[in-house]
Amino acid sequence: MKRTLYYFLKLALLLAVVIWIANRPGTVEIDWIGYRLETSVGILFLGVVFIAMLAAYLYRLWRGLIKAPALFGQARQDNRKKRGYKALTQGMVAVAAGDAQTATLMARKAEALLADEPPLTMLLSAQSAQLQGDEEAATNYFTAMLESGETRFLGLRGLLIQAQRRGDLPLALELAKQAHAISPKTPWVLESLFELSEASGDFAIADQALKDGAKTKNLSSAEATRKRAVIKLEQALISRDDGRHDEALVLAREAYKLAPDLVPAVSLLAEMNARAGKVRAAAKTLNKAWKNQPHRELARAYMSLWPSETPVERVKRLGQMVASNPDHYESHIALAEANLRAKLWGEARRHLKLAEEDKGASRLVCRLMGQLEQEEHGNSKAAAAWFEKAETALVAHNWICDSCGAIADQWQAHCGDCGRFDSLTWKRPTLVKSPDVPSQPAGQKAALDRVVGNEIQEVKKLPAVLDHESGKKTLKAPTAEIEGAARDLGA
């Protein structure tokens with residue numbers, strides 16, 4: 001609306017000027033080389049305007065003719081670039097689809113059409129070389145990309161991925177550091193820097209990468225804190241194994257402060273406090289953790305704080321700790337194990353029955369029941385039956401990898417099967433059953449076999465003694481062997 005009003009306003013102004021000039025009085029006479037021209041002032045003005053407009057048009061036509069060759073060349077160059085960009089796009093699509101032949105063809109076409117802009121085509125050429133398995137050519141392209149500021153970052157990433165594939169962690173870490181210097185907030189840079197530095201044992205850099213990830217919102221605060229706790233715990237375990245107990249205590253305390261629910265950190269902190277003579281502090285830490293998250297590793301760490309006590313005294317002391325969570329499955333298991341060592345058969349049986357009612361006849365319950373039958377009654381047949389039952393019983397709780405489903409005998413920072421960081425969770429394995437054939441993840445099955453396979457084989461190898469009077473074979477299970485197998489069981 002405003003544009004229309006503005007247009008009519010200009011038109012009215014122009015008409016007013018024309019009318020004003022046309023109404024001016026007087027005439028104009030021009031004598032030029034024998035010619036005489038007489039006209040009014042308005043007509044003369046219109047003639048001058050017409051001649052000026054014609055001159056302007058002729059001038060623009062002349063300039064267009066002069067510039068025509070250059071414009072033609074520019075149009076041709078623009079068309080060439082357009083086709084080059086199209087080839088570049090098609091090549092990238094082919095790389096994403098894994099079509100090596102098309103990617104190589106488009107890379108060559110893009111290189112020919114965009115010869116004056118090599119940085120644009122280097123990445124496509126490098127990736128097409130990778131698809132064809134020509135790592136040397138890809139390396140050359142990625143290395144050439146380092147020379148240009150526009151493509152240096154992409155070149156570093158390409159070389160980093162190649163180094164990771166070759167297993168060259170030192171080189172990969174160095175490249176990650178260079179990429180971090182260029183773009184410290186990029187998610188893949190922080191992730192690579194953390195993974196590579198942690199795998200290389202450079203925990204200070206790994207910890208800083210987690211802090212930066214939380215600061216830039218690439219990681220949630222909770223995730224970064226949890227991973228930092230695992231890093232500290234990993235350092236503490238290394239320090240303990242190397243005999244640097246003071247350093248291990250400091251690191252274990254930091255890990256516990258970051259993640260009080262991380263059971264291995266609680267257990268290690270209690271162990272290191274006990275080594276330092278701080279038994280009361282160790283017991284306090286374990287009691288607090290048990291109240292929030294009962295775990296058999298905590299019970300075993302608690303029992304080890306007073307090695308000189310008798311088994312019966314340990315049962316009484318353990319009862320004080322589990323009183324904060326008396327009906328929990330882990331409480332019954334801990335008390336059952338302690339009562340077995342104290343030879344308090346009735347209490348051991350009672351807690352095993354309660355554990356069975358809670359989670360069912362798990363492998364651990366079956367193993368402990370077998371030990372109980374052997375030690376209390378000397379009933380090798382009943383003990384063997386319980387051990388055989390354990391072979392098909394479900395695992396109640398264990399360290400399970402959230403990534404591949406593998407089961408670990410004990411907690412560790414990395415899954416032993418897939419290598420993923422901080423993927424082990426204390427939980428019950430998930431078994432997938434079809435309508436006809438029961439099944440479970442391959443990783444879980446293999447891990448389950450590793451966890452209990454040795455124990456089951458020990459049962460099958462129990463010495464068979466021929467009773468010459470009856471002509472029957474009976475299994476005589478040595479008590480020490482059964483106790484050892486049950487004690488080592490992680491199911």
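Analyst: Rings of Phe, Tyr and Trp (its six-membered ring) pair if their centres lie within 6.5 Å; planes under 30 degrees apart are stacked, over 60 edge-to-face, the rest tilted. By this rule the count comes to 5 aromatic pairs. The model is predicted, so local features need pLDDT of at least 70 and side-chain atom pairs pLDDT 80 or more, while totals for chains, interfaces and linings use all residues. Residues are numbered from 1 along each chain as its sequence is written, and side-chain values use heavy atoms, without hydrogens and water.

User: Why is the pair of phenylalanine 153 and tryptophan 188 called tilted?

Analyst: The ring centres of phenylalanine 153 and tryptophan 188 are 5.4 Å apart and the planes meet at 45°, so the pair is tilted. Phenylalanine 153 belongs to helix α6 and tryptophan 188 to helix α8 (residues 187-199), so the contact ties together parts 35 residues apart in sequence. Helices here are DSSP runs of H or I with at least four residues, and strands are runs of E with at least two, numbered from the N terminus. Both phenylalanine 153 and tryptophan 188 are buried (under 20% relative accessible area; exposed is over 50%, partly exposed in between, with a 1.4 Å probe and protein chains only).

User: What makes the pair of tyrosine 302 and tryptophan 306 edge-to-face?

Analyst: The planes of tyrosine 302 and tryptophan 306 stand at 70°, with 5.1 Å from centre to centre, and the pair is edge-to-face. Tyrosine 302 has a relative accessibility of 4%, so it counts as buried. Tryptophan 306, at 17%, is therefore buried as well.

User: How do you know whether glycine 158 is buried or exposed?

Analyst: The relative accessible area of glycine 158 is 6%, so this residue is buried. Glycine 158 sits in helix α6 (residues 152-166).

User: Why is tryptophan 32 called exposed?

Analyst: Tryptophan 32 has a relative accessible area of 60%, so it is exposed. This residue is found in strand β1.

User: How do you know that the span of helix α3 agrees with its number of residues?

Analyst: Helix α3 (residues 100-113) has 14 residues, and at 1.5 Å a residue it should span 20 Å (the expected span is 1.5 Å times one less than the number of residues). The end C-alpha atoms of α3 are 20 Å apart, so the two values agree. The buried residues of α3 include Ala103, Met106, Ala110 and Leu113.

User: What makes β4 and β5 edge strands?

Analyst: The 3 strands form an open antiparallel sheet in the order β4-β3-β5. β4 and β5 each have a single partner strand, so one side of each lacks a neighbour in the sheet. Strands pair if DSSP finds at least two bridges between them. β3 (residues 398-401) and β5 (residues 424-427) have 4 bridges, and cysteine 401 has leucine 424 of β5 as its bridge partner. In the hairpin of β3 and β4, 5 residues lie between the strands, and glycine 405 takes a positive phi near 80°.
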